[in-house]
Amino acid sequence: MSIEPLAVKYEESAHPIAGSWRPIFREVVKAFAEDDFELSQGVAGVALVDPSIASQNRAYVRNYGELLVELPEDTWATSCAQWMGQHWEVLVDLYTEGEGASDLVLTGYMNELNGKPQFTVGLIYVP
């Protein structure tokens, strides 16, 4: 049995995405793959998405020219989080129908709210 990674508060380097956060990212990307960049149904553990961020992300993904797909297990091998003193900055590698592993990443930040993870969606782009 493998041990899921924990959220690490260490500013010197990035670490794997915490196991407890992964279901949140799976739900967010599942909604994005269904063209719901606003997360209109809501996702537990995710702050309301700024409408301008949702609009920018939809446009960027459309311009990229590939359809997003749900996150496979492989994404956790390359995605990361880094503690920034007040929150974790996250980079989640995204997958598309035509490419599999794509050049796209989902950014944002994770906080702890009443002891539970709270993700704020950032931009999707090619770094």
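Reader: What makes buried Asp36 a residue without a salt bridge?

Author: Its nearest side chain of opposite charge, Arg58, is 5.5 Å away. Asp counts as negative and Arg as positive, while His and the chain ends are not counted. Buried means under 20% relative accessible area, with a 1.4 Å probe and protein chains only. The model is predicted: local features need pLDDT of at least 70, side-chain atom pairs count only at pLDDT 80 or more, and totals for chains, interfaces and linings use all residues. Residues are numbered from 1 along each chain as its sequence is written, and side-chain values use heavy atoms, without hydrogens and water.

Reader: Which residues is Asp36 in contact with, beyond its neighbours within four places in sequence?

Author: They are Ala31, Gln41 and Arg58, where contact means heavy atoms within 4.5 Å. Asp36 sits in the loop between H1 and helix H2 (51-64).

Reader: How do you know that the length of H1 (residues 22-33) agrees with a helix?

Author: A helix here is a DSSP run of H or I with at least four residues. Its expected span is 1.5 Å times one less than its number of residues. For the 12 residues of H1 that gives 16 Å, and the end C-alpha atoms are 16 Å apart, so the two agree.

Reader: Which residues of H1 are buried?

Author: Arg22, Ile24, Phe25, Val28, Val29, Ala31 and Phe32 are. Phe25 touches Leu106 and Phe119, among others.

Definitions and conventions:
Helix = DSSP H or I, 4+ residues; strand = E, 2+ residues; numbered from the N terminus. Buried < 20%, exposed > 50% of the residue type's maximum accessible area, 1.4 Å probe, protein only. Salt bridge = Lys/Arg side-chain N within 4 Å of Asp/Glu carboxyl O.
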